[in-house]
Amino acid sequence: MKNKIFLFLLTLTLLTACSTGQAISANVPVQATEAMLQTQPTTDSVIKATNLPPTDTLLPTTTFTPKPPLEKKAWMQMPAVPTGIGDSMRFVYEKGLAQGNDPTRFSIIGDCQNVSSYFLSIYDKPGDFSLGEKYNYLQPTIDYYQGSFSRKSLAVKGGFNVAAILSPLRADPKFCNQGESPLDCELRIWRPSIVFVSMETWWSEKPAQEYDKYMRRVIARILETGAVPIIATKADNLEGNNAINATIAQIAYDYDLPLWNFWAAVHPLPNHGLSPDHFHLTFARNFFDDPVRMKSAWPWRNLTALQALEVVHRGLMEKP
């Protein structure tokens with residue numbers, strides 16, 4: 001009975017948080033969001049406030065010429081977990097360490113499906129998860145990044161979308177400097193070497209175009225600070241044509257980023273890992289050696305995120 005009550009309360013909390021986020025983002029017109037971004041101060045004033053590298057020190061690896069478009073459904077064939085990283089990301093990582101980034105820290109940029117209550121925090125709480133024999137190889141990665149898993153990111157909140165995290169109006173004034181966006185605030189305070197970027201929420205009648213525009217700004221800024229982004233696809237298809245996931249895959253391809261194709265991890269699950277509203281993920285506790293629990297999406301979200309982190313960390317430690 002206690003387990004059932006615990007499960008009900010957790011699920012109710014998550015549904016409430018995400019529902020609120022969807023409602024907020026759905027009512028924010030693109031024009032208003034663009035205006036919010038235009039309220040940012042000049043680049044120089046932001047840099048003085050954040051101690052982050054200015055735009056004119058953009059790392060050479062971030063000045064990309066767009067590559068040819070991927071085939072329309074190519075992203076559906078990409079693995080759930082990246083198989084490795086390229087030399088360009090190792091270069092970004094080394095530059096970031098020279099600028100003061102912490103190699104043992106990662107950050108999370110995202111909306112309600114990335115809140116610490118559900119996403120990754122279990123790995124800072126022994127007993128809240130089970131790797132089992134199959135995934136025991138992930139324990140060194142858990143040990144290496146202790147402290148980042150349960151930390152509450154200043155760039156994660158229900159209702160955040162790719163435009164909101166660039167707007168100083170959405171930053172937490174208790175921690176962030178005046179004129180600082182949630183993204184820059186998080187990067188300044190935590191100084192991560194790796195950044196998960198997982199943005200499910202969208203708001204526009206042309207989601208792919210707007211998502212692409214703002215996400216490229218987010219990725220460029222993360223790379224400027226010498227952190228390596230792990231960009232994630234989403235489980236849902238509320239836009240109806242999978243345009244956002246296709247956009248995410250194209251951005252990963254253009255920037256040579258590790259892609260965490262979360263869609264591929266949950267697509268084989270019952271109802272593709274989605275609740276009846278076709279947005280929220282199905283919930284179970286994170287015991288990866290329990291076949292019944294692994295029929296739900298949340299264990300797969302936490303597992304494949306950790307697997308992606310392990311691949312990227314191992315790749316960064318390898319000499320080119």
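1. D256 sits in the loop that runs between α8 and β5. The model is a predicted one. D256 is not a glycine, yet its phi is positive, at about 60 degrees. This residue comes just after α8. With a relative accessible area of 34%, D256 is partly exposed, since that class lies between the 20% limit for buried and the 50% limit for exposed.

2. Is α8 largely enclosed or largely open? Of its 13 residues, 11 are buried, so the helix is largely enclosed by the rest of the structure. The buried residues include A243, I244, I248, I251 and Y255; N245, Q250 and D254 are also among them. The elements covering the buried residues include the helices α4 (87–98), α7 (207–224) and α9 (262–266), together with β4 (228–232) and β5 (259–260).

3. A positive phi also occurs at N271, about 55 degrees, and this residue is not a glycine either. N271 lies in the loop between α9 and β6 (286–287). Its relative accessible area is 42%, so N271 is partly exposed. As background, most residues other than glycine have a negative phi.

4. The largest pocket holds about 470 Å³ of space. It is lined by 21 residues, of which V115, K152, S153, V156 and K157 are the closest to its centre. By class, the lining has 10 nonpolar, 6 polar and 5 charged residues.

Note on methods:
Residues numbered from 1 in each chain as written. Predicted model: local features only at pLDDT ≥ 70, side-chain atom pairs only at ≥ 80, totals over all residues. Heavy atoms only, no water. 1 Å grid on protein atoms, 1.4 Å probe; cavity = no way out; pocket = protein on both sides within 12 Å on 5 of 7 lines; lining within 4 Å. Points joined across faces, edges and corners; volume = space filled by probe spheres on them. Nonpolar A, V, L, I, M, F, W, Y, C, P; charged D, E, K, R; others polar. Buried < 20%, exposed > 50% of the residue type's maximum accessible area, 1.4 Å probe, protein only. Helix = DSSP H or I, 4+ residues; strand = E, 2+ residues; numbered from the N terminus. Contact = heavy atoms within 4.5 Å.
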